[in-house]
Amino acid sequence: MRHRLQDGEAIKNLTVFWFSVVQFTILAILVMSITTAGSENGYTAFCNETSPDCNWTTFVYRDPALYPFPQCSMRFPKKGNGRPLNLADFGLFSSLAYESLHTIESGLHKYFPTWHIDDRHLTTSARGSTNKAGHRGSKDWTTFYQFTEQDNKTSVFAVRGTQYLIDVLQDIDLWLPAATINFFEKVGPNFAEGMVDTIAAFFNIGRRHKDKKAFGELLRLVRLQMQAYPDRQFYITGHSLGGG
């Protein structure tokens, strides 16, 4: 009995320690994200073409049929003229979502000269978000762009992944149940299925259903666009947190 009490006390201390670390981390990220509200990190993947150190690498095209990976030959049709999209195109759209407001237009024209930014939803802090017109509105923390071809027949929604501190809170919200289960399984026996369900349910106690809709603004805009332009082809892509 004494050993069981000692084991129970150790598990209690580990539990208090784990949740204290999680609480402190969330509080620190929230405070730092508020203090840096609205600030951009100025990231760009493009170099200054006037600089002598700016070099572009050109890759030789190779027939996808020569490779054993079926995804290399996948093509996604567009409505209108021009070649269909492939996975590399969606990867480029996803990478453009990380560009700053000062470089994304030039980057888009570099890769896709016949496309433009149709709409966007930006969030860099917990204070709110801005749409294309710059007005603050939704509290959705998701950042995404809607890229549309000039003939308005094809649109791609590109969702950005983790870039700012506020995005880390999204990661914590999504991964905390799994991380908690893995943590306790490292220090003790594997949890039974019922215990896993209990831990997952614990993290949702007291949370309203709408608070769990991490991509609510994105879904709202997609639905509006599909209703407004029923003949247009739509795609959604994203990287990391945006791809999840």
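**Close-ups of a predicted model**

**View 1. The second largest pocket has a lining of nine nonpolar, four polar and two charged residues.** Here nonpolar means Ala, Val, Leu, Ile, Met, Phe, Trp, Tyr, Cys or Pro, charged means Asp, Glu, Lys or Arg, and the others, Gly among them, are polar. The structure is a predicted model, in which local features need pLDDT of at least 70 and side-chain atom pairs count only at pLDDT 80 or more, while totals for chains, interfaces and linings use all residues. Residue numbers start from 1 along each chain as its sequence is written, and side-chain values use heavy atoms, without hydrogens and water. Of the 15 lining residues, Phe 59, Val 60, Tyr 61, Arg 62 and Ala 88 lie nearest the pocket's centre. A pocket is an open set of points on a 1 Å grid over the protein atoms alone, where a 1.4 Å probe fits, with protein on both sides within 12 Å along at least five of seven lines; lining residues have an atom within 4 Å of a point. The pocket's volume, the space filled by probe spheres set on points joined across faces, edges and corners, is about 440 Å³.

**View 2. Phe 93 sits in the largest nonpolar core, which has 18 residues.** Such a core joins buried Ala, Val, Leu, Ile, Met, Phe, Trp, Tyr and Cys residues through side-chain atoms within 4.5 Å. Leu 85, Leu 108, Trp 115 and Phe 147 are also among those with the most contacts inside this core. At least two core residues come from each of α2 (87-96), α3 (104-111), β1 (115-125), β3 and β4; helices (H or I, at least four residues) and strands (E, at least two) are DSSP runs numbered from the N terminus. Another core, of seven residues, lies apart and includes Phe 144 and Leu 218.

**View 3. Thr 237 belongs to strand β5 (residues 233-238).** Its relative accessible area is 12%, so Thr 237 is buried (under 20%; exposed is over 50%, partly exposed in between, with a 1.4 Å probe and protein chains only). Beyond neighbours within four places in sequence, the contacts of Thr 237 include Phe 93, Val 156 and Ala 158, contact meaning heavy atoms within 4.5 Å.

**View 4. Asn 152 has a positive phi of about 60°, although it is not a glycine.** You will find Asn 152 in the loop between β3 (144-149) and β4 (154-159). With a relative accessible area of 39%, Asn 152 is partly exposed.

**View 5. Confidence is lowest in β2 (residues 128-131), at a mean of 48, and highest in β4, at 95.** Over residues 125-129, pLDDT (the predictor's confidence in each residue, from 0 to 100) is below 50.
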